Amino acid sequence: MNGQNILTVYGKELRDSLRDRRTLISMIVIPMLMIPGIMAVAVGVSTKMINKARGEVPTVMVLGGDDSPVLRAALAADPKLHLVRTAANWRQQISDKQLRAAVEIPAGFDAALDRGTPAEVKIYNYDGELRSGFAVGELRNFLNDYREKTVTTRLVGRGLPAALVKPFEVKTQNVAPPEKVGGNMIGGLIPYLFILLCYTGAMYSAMDLTAGEKERGTMETILCSPVARTDLVLGKFLMVLTASLTAALISMISMGITFVVGGILMGAPRMTAAAKAGPLPMLDPAGLLLVLAMVLPVAVLFSAVLLAVSLFAKSIKEASSYVSPMIILIIIPAMMGLMPGVELNARLALVPILNIALVSKELVSGVFHWQYLALIFGSTCIYAAAALAFCVHLFNREEVLFRT
Amino acid sequence: MIEARNLTKVFRDKKRGEIRAVDDVSFTCRPGRIYGLLGANGAGKTTTLRLLATLLRPTAGGATVAGFDIVAEPERVRASVGFLATSTALYGRLTARETIAYFGRLNGLSDAAVAARVARLADELDLHEFLDRRVEKFSTGMKQKTSIARTLVHDPAVLIFDEPTIGLDVMTARNIVRFVRDCRTRGKTVIYSTHVMSEVEKLCDLVGIIHHGRLVAEGSLAELGERYGVQDMEEIFIRAVGADGEEAA
Ligand SMILES: Nc1ncnc2c1ncn2[C@@H]1O[C@H](COP(=O)(O)OP(=O)(O)O)[C@@H](O)[C@H]1O
Ligand SMILES: [Mg+2]
């Protein structure tokens, strides 16, 4: 190994890459635009949806209850419900999302209530639809209040205290710091994006430096220079790693800018509100830096694997047919890491990529399990070193360099 | 100086099985001489030259190039060799100057030596006009000159040319031929592969005829003419490779 030669090769590859539009796009432009793009879409869509849903008074249809004017009047008096005229096609209307929900009052409801015999009120909704859900919530609130009022009236009528039916009150209050709430909602996605960008950032560079050289006929030229194969591959590897880390770093910087600019544009209180509502994560900055440190060996691993795989190909097209489907291998473990209930343990800490996805979820929400961090960093370093050694080995094989 | 001893290269191909691309080939190229390796397509010329340039490792046999063993000291061999082939392209996004400097540095030249060498090669090969332009915009002639400068940057003692005139127009091809002669004048050891008979007649001091990986005849033009009783290179070639050479040539 000759450090001078490695640097010479690296310097040339860097200069060469900086003049290549496609490498620049995958290394700089995409990472720069990806996070602000995703943020803008996520924030825009979800705040609009929630605000719209919250802001609207749900349209509700009352079915039956002609002989129960008391309940009907109470329903009509609720400002949080907008009653519409009864129509036969109410099921269709709910399906078409013209009607949020329908409430069915059984015959003789008012009278049954007076007699004290149980009755059943039915709510029809569009399950899983956000605005229908709000309508159901409002209807339930109304009916619960109505029931409690009825009970209280009955108790008072019999000279009993109202506390008889409400022996205790239940209240929920969030005590987690806001970044934990946000972190768990979407925070897991952020490091996953870094991992993905690490891969896509290195992808084009790796193909260009190996299969691309074969395709353009420069591989043979460089191989007949006295530089040792190992120096050559290490110089190239450094370039691919540079592309990978640049992509991750730029996406990180761009995310920082997105938050600052977004904060100014939206105003801090609305940011916090959005974070609480879910779409905007509040992230622990120290955790985020640690994520970047954990991504370092992953970038080495990706760069070495990408270099090895594309070295095997004869053309960029062939290389890309190997390398593009491999994205799945990153997406699946990262997605598994995002699933609720999959938590970090010593065994999962040894599974590449999945371990990073899991630990990142913790890191951005400000939880630091140092022993896992060490285990993950160490194991990823070992995988990365093995991949790099394999890559160097391949580069010393003429069958790979001169494949026909 | 190049000395090949029983050089053999066997490729294992999934479809074609075992291919003896170079089969027990021995020859010697001396300084100040041009050795012509003449053979039809697929005869094994490129493989032989790649073995000498240490791009491939021999299956059996060996060679010394400029006194270094191709198996034991491949990096020192490459440091003494300039290799120019149709398949050795240039980096399109580098300028001619950057290209020459890059290969100079990989050959261990200092920055000062690189600068001096670039200046000198630019003078000799008349590169000044496009020295700082990117290779991707060059004409074939400009690329060829830059390739020659790249080959010569470390002033190698041995020059290996693999069909360097293939696909070139007459003027560019003539430039190459002139340049190969120059190398001889300067006392370099030159090996030159071709399938063009007239190039052999024009250039080579010694000819080796290679067929199906085997060196079937070797000698100066005069010697070969005497041996086969004909003067024309094409006739010599046909007789040397025997009956099955008819379809190969
Ligand atoms: N990397 C390789 N793998 C398998 N077969 C090869 C390889 N390179 C060359 N060959 C085969 O070896 C033989 C000699 O090829 P080559 O040396 O290129 O001939 P020439 O340069 O004289 O045209 C041919 O049959 C060719 O197909
Ligand atoms: Mg050939």
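**View 1. Helix H6(A) gives the most to the lining of the second largest pocket, with nine residues.** Here, helices (H or I, at least four residues) and strands (E, at least two) are DSSP runs, numbered from the N terminus. This is a predicted model, where local features need pLDDT of at least 70, side-chain atom pairs count only at pLDDT 80 or more, and totals for chains, interfaces and linings use all residues. Residues are numbered from 1 along each chain as its sequence is written, chains are lettered from A and ligands numbered from 1 in the order in which they are written, and side-chain values use heavy atoms, leaving out hydrogens and water.

Along with helix H6 (130-157), helix H5 (109-115) and strand E4 (122-125) of chain A each supply at least two residues of this lining.

**View 2. Ligand 1 lies between chains A and B.**

**View 3. Oxygen atoms of ligand 1 meet Thr47(B), Gly44(B) and Ala43(B).** For Thr47(B), an N or O atom in the side chain is 2.5 Å from a ligand oxygen. Polar backbone atoms take part too: that of Gly44(B) is 2.9 Å from an oxygen atom of ligand 1, and that of Ala43(B) is 3.2 Å from one. The protein buries 80% of the 560 Å² that ligand 1 exposes when taken alone (Shrake-Rupley method, 1.4 Å probe).

Notes:
Near = heavy atom within 4 Å. Polar contact = N/O pair within 3.5 Å; in protein donor to acceptor, adjacent residues only side chain to side chain.
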